Amino acid sequence: MMDYIEECIGTGNFSEAQKIIKKSRNKFSERYYWTGITVLDNVISIEKRKMDNMNIEFHIETDVTDIVMEDIDIIILLENLFDNAIEAVEKCANKKEIKFSIKNINSMLVLKLWNSSCKKPKVKKERFVTDKHDSKGHGWGLESVKYIVKKYDGIIEFEYTEMFFQTVIMIEGE
């Protein structure tokens, strides 16, 4: 939809873009969660819509007042984590479930993302290997996440089996 609106604007067809926006206003403004941190609420809402479209069960727990990161970094981090989780869950025939927790504990930001899985990920030289047929340009999502966590002197841990994949991130506030 966004591509269509962008095309309308690029070609000067503003009335068509306006028509689509008005028609879809509820989808654009629908918020699923309210943490009080706009960037976090927006990313969660975007990802929740994706999960709803794929019938993925979603559980969330938030107790956060500060994300101690630049907005662009939290967007990239969460988008990559959620997209990987959704992609993994989508491949499963069994229970499709994602659990997300983000909290401030003292001055630390603690983020956990857990998803059901149907196979253990491949790891080569401490890097997760994409299982996509066209591997060029893929497999960089978690590397981007690791880079951002390192930028903030944080800790990232992965735990996984054939049944689940979990990422835990801890970043000390200032």
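Helices (H or I, at least four residues) and strands (E, at least two) are taken as DSSP runs and numbered from the N terminus. On this basis the protein has six helices and seven strands, arranged along the sequence as α-α-α-α-β-α-β-β-β-β-α-β-β. The model is predicted, with local features requiring pLDDT of at least 70 and side-chain atom pairs counted only at pLDDT 80 or more, whereas totals for chains, interfaces and linings use all residues. Residues are numbered from 1 along each chain as its sequence is written, and side-chain values use heavy atoms, with hydrogens and water left out.

Of the 174 residues in the protein, 36% are buried (under 20% relative accessible area, 1.4 Å probe, protein chains only). Contact denotes heavy atoms within 4.5 Å; among contacts between residues at least 6 apart in sequence, 59% join residues at least 24 apart.

Helix 5 (residues 71–90) and helix 6 (residues 141–151) have axes that come within 9 Å and cross at roughly 145°. Axes are lines fitted to C-alpha atoms, for helices over the stretch in contact, and angles run from 0 to 180 degrees between N-to-C directions. From helix 5, D73, I76, L77, N80, L81 and N84 meet G141, L142, S144, V145, I148, V149 and K151 of helix 6. The residues of this contact comprise seven nonpolar, four polar and two charged (Ala, Val, Leu, Ile, Met, Phe, Trp, Tyr, Cys and Pro count as nonpolar, Asp, Glu, Lys and Arg as charged, and the others, Gly among them, as polar).

N115 lies in strand 3 (residues 108–116). N115 counts as buried because its relative accessibility is 4%. Neighbours within four places in sequence aside, N115 contacts A85, A88, V89, E97, I98, M163, F164 and F165.

Conventions:
Buried means under 20% relative accessible area, exposed over 50%, partly exposed in between (1.4 Å probe, protein chains only).
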